[in-house]
Amino acid sequence: MEDLSRRVAAGDPVSLARAISLVEEGTQRGEAIVADLFPRTGRAAIVGVTGPPGAGKSSLVNRLVAHYRSQGRSLAVVAVDPSSAFSGGAVLGDRIRMQEHALDPAVFIRSMATRGRFGGLSRATRDAIDLMDAAGRDPILLETVGVGQDEVDVVRVADTVLVVLTPGQGDDIQAIKAGLLEIADLFVINKADHPGADRLASDLEGMLSLVDTRDWTPPILACVATEAKGIAPLAEAIGRHRAFLAEGDRLALRRRAGLRARFLEILRDRLLSRITSGEVGEAELERREAALLARQIDPYTAAREVLERLGPEAQGEGAARGGALLDHVGLAVRRIEDRLALYRDVLGLELQGIDQVPGEGVRVALLPAGRARIELVEPATESSSVRRFLDTRGEGIHHVCFEVDDLDAALERVGRAGLEVVGTPGRPGAEGSRIAFIHPRATGGVLIELRESGRGPVRIRAVEGTDR
């Protein structure tokens, strides 16, 4: 997999196609290659093209590809087709309109199916875009299936969304009903040589006047894709919107919203997978369904009882119910690099980083291990308390850290139990946390850390040397 990732990052189209096939299979190998290449993503401009069927989206994308290639750019196209409700397959016919680019190595075209996604984009489509981005393709054109009212996923993936409309397709007010008005960054009136194009543009202007467009008002551009008319001005408008997003943190905020939606979707899918697997099972679900049908139980109670089978974490409880959760085990070591041979290379734990903590005179390395973490603590000075620990006891467990929901309440319980607290209780710890230590003489020889999580950013890089 590392070799495949390396070849994808080098821009090899065959390796890129193989990697996309792996993510389409939905296996751990596909997830692994996305994880490996994800740090290389976020550089490409992603342009979504959506609109009702028959609007000429494929023809428009074909002309945009030709325009970008005339500028010497290496790009990618994702053409999404609807899946069959019976076989799950797709015709993948959009590529027929792009045959002139099929042999161009600087144009990577991939057709993908919706796989039943109501919003129009499957998870594999988003993974494929990441892989194309990591391969150095820029821009990436995403042509959606064009189902109308349900197809709004594109706004969570694309930096710039083109809504393609054509005159003479019925009531033009339908654009508002379909939600396309809200997601459009640019409106493209294709087949502008047909009667009714001017009226459609006027209607769009009238509808936009009723909407709060904030700092960016979507321009309305006319083109005739089959004749390559209006393509250059359209590409310029895409560039202007990209420059608009680059001002301040607009692009970062837009991408963060999309990544959050993607992250939560994966969480929901994983939770459902746990429910339907051996942890609950289909038989148990069928019993709940029968009870619902007989009105013996309500849907909320049924859902709560199923979640109870998964444990308190699935219900968002745990520490909130008063129980402490294991956060990490701190191990005193003479040299971190010597112990990484075991924890990283043999046991396969991921090293999040090694940091110097001058205030405590230590170096620390954190390695997630399931729901908790291993912390390797190495003395960096002769006066470090960890050095004294090593001199008297040798390498081994230095402390155990528990996360609590309310540190003050936990310390009250510690005081009532007659346990001694070491140092200043409630002092600042890593990641915006508050911490306290219970003296080992009151705990059977184990130094116990209590940690109240900060309410700030999500923990990404865990370094806790400052709480020693």
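Predicted model: local features only at pLDDT ≥ 70, side-chain atom pairs only at ≥ 80, totals over all residues.
Local features require pLDDT of at least 70 and side-chain atom pairs pLDDT 80 or more, while totals for chains, interfaces and linings use all residues. Residues are numbered from 1 along each chain as its sequence is written, and side-chain values use heavy atoms, without hydrogens and water.

The protein contains 16 helices and 15 strands. These elements are DSSP runs, numbered from the N terminus (helices: H or I, at least four residues; strands: E, at least two). Of the 468 residues, 45% are buried. Contacts were defined by heavy atoms within 4.5 Å. Among contacts with a separation of 6 or more, 68% join residues 24 or more positions apart.

In soluble globular proteins, nonpolar side chains tend to be buried together. Nonpolar cores were identified here as sets of buried Ala, Val, Leu, Ile, Met, Phe, Trp, Tyr and Cys residues joined through side-chain atoms within 4.5 Å. The largest nonpolar core has 45 residues. Within this core, Ile 20 and Leu 131 touch the most other members. Beyond residues up to four places away in sequence, Ile 20 touches Phe 108, Arg 110, Met 112, Ala 128, Leu 131 and Met 132. Another core, of 25 residues, lies apart from the largest one. Its members include Leu 60, Ile 109, Ile 231 and Ile 238.

Cys 223 is buried because its relative accessibility is 3%. Cys 401 is likewise buried, at 0%.

The accessible surface is about 23700 Å², with 53% belonging to carbon and sulfur atoms. Areas were computed by the Shrake-Rupley method with a 1.4 Å probe; for residues, only the protein chains shown count as cover. Leu 342, Val 346 and Leu 347 make a nonpolar patch of about 290 Å². Val 346 belongs to helix 14, residues 336-346. With 61% relative accessibility, Val 346 is exposed.

The structure holds 30 salt bridges. Each requires a side-chain nitrogen of Lys or Arg within 4 Å of a carboxyl oxygen of Asp or Glu. Asp 130 and Arg 262 form one, at 2.7 Å from N to O. This pair spans 132 residues, from helix 5 to helix 11 (residues 250-276). Both Asp 130 and Arg 262 are buried. Asp 130 has 11% relative accessibility and lies in helix 5, residues 123-134. Leaving aside neighbours within four places, Asp 130 also contacts Val 34, Phe 38 and Thr 41.

A second bridge joins Asp 159 and Arg 242, at 2.9 Å from N to O. Asp 159 sits in the loop between helix 6 (154-157) and strand 5 (160-165), and Arg 242 in helix 10 (residues 231-246), 83 residues apart. Asp 159 is buried, at 2%. Arg 242 is partly exposed, at 24%.

Glu 337 also bridges to Arg 363, with the closest N and O atoms 3.0 Å apart. Here helix 14 is linked to strand 10 (residues 362-369), across 26 residues. Glu 337 is partly exposed, at 31%, whereas Arg 363 is buried, at 15%. Finally, a network of salt bridges links Asp 327, Arg 373, Glu 403 and Arg 451.

Definitions and conventions. Buried < 20%, exposed > 50% of the residue type's maximum accessible area, 1.4 Å probe, protein only. Patch = residues over 30% accessible without salt bridge, like charges linked within 9 Å, V, L, I, M, F, W, Y side chains within 5 Å.
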